Amino acid sequence: MRSGDIVGAVCGIEGVNAEDIGIIDIRESLTFVEILNQKGPLVLAGLQDRIIKGKIRKVRITSLNKGV
């Protein structure tokens, strides 16, 4: 999977555009995507049944400890 695949899938959700996507960190078996502008719940719901590269992917929210 490439970052363009992820951007395309996320931007295909009504109300979301490229400006709502932050850092994309693609690893061997998982990918982290930063969603901006409080659009996380919208993206999470929109990706539950969306096919990316021929498969429905498991999508969940993670939180990062920012040292606060």
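Visitor: Which residue's side chain makes a polar contact with the side chain of D20?
Guide: This is a predicted model, in which local features need pLDDT of at least 70, side-chain atom pairs count only at pLDDT 80 or more, and totals for chains, interfaces and linings use all residues. Residues are numbered from 1 along each chain as its sequence is written, and side-chain values use heavy atoms, with hydrogens and water left out. A polar contact is a pair of N or O atoms within 3.5 Å; within protein, one must be able to donate a hydrogen and the other to accept it, and residues adjacent in sequence count only if both atoms are side-chain atoms. For D20 the distance is 2.6 Å, and the partner is N37.

Visitor: Is D20 buried or exposed?
Guide: D20 lies in the loop between α1 (3-11) and β1 (21-26), where helices (H or I, at least four residues) and strands (E, at least two) are DSSP runs numbered from the N terminus. Buried means under 20% relative accessible area, exposed over 50%, and partly exposed in between (1.4 Å probe, protein chains only). The relative accessibility of D20 is 3%, so D20 counts as buried.

Visitor: With which residue does D20 meet in a salt bridge?
Guide: A salt bridge is a side-chain nitrogen of Lys or Arg within 4 Å of a carboxyl oxygen of Asp or Glu. Leaving aside neighbours within four places in sequence, D20 is in contact (heavy atoms within 4.5 Å) with residues including G15, E34 and K39. The N to O distance of the salt bridge is 3.0 Å, and the partner of D20 is K39.

Visitor: How many residues apart are K39 and D20?
Guide: The side chains of K39 and D20 meet in a salt bridge. This pair links distant parts of the chain, with K39 in the loop between β2 (31-35) and α2 (40-47) and D20 in the loop between α1 and β1; the separation is 19 residues.

Visitor: How many salt bridges does a search of the whole structure find?
Guide: One of them joins the side chains of R27 and D25 at 2.8 Å, N to O; R27 is partly exposed at 48%, and D25 is partly exposed at 26%. Another joins D5 and R2 at 3.2 Å, N to O. With the K39 and D20 pair also meeting in a salt bridge, the search of the whole structure gives a total of three.

Visitor: In the pair of D5 and R2, which residue is exposed?
Guide: D5, found in helix α1, is buried, with a relative accessible area of 14%. A polar atom of the D5 side chain also lies 2.9 Å from the backbone nitrogen of R2. At a relative accessible area of 56%, the exposed residue is R2.

Visitor: What separates the C-alpha atoms of V10 and T31?
Guide: V10 is in helix α1 and counts as buried, because its relative accessibility is 3%. Not counting residues up to four places away in sequence, V10 touches V16, I21, I35, V43 and L47. T31 is 21 residues from V10 along the chain, and the C-alpha separation is 13 Å.
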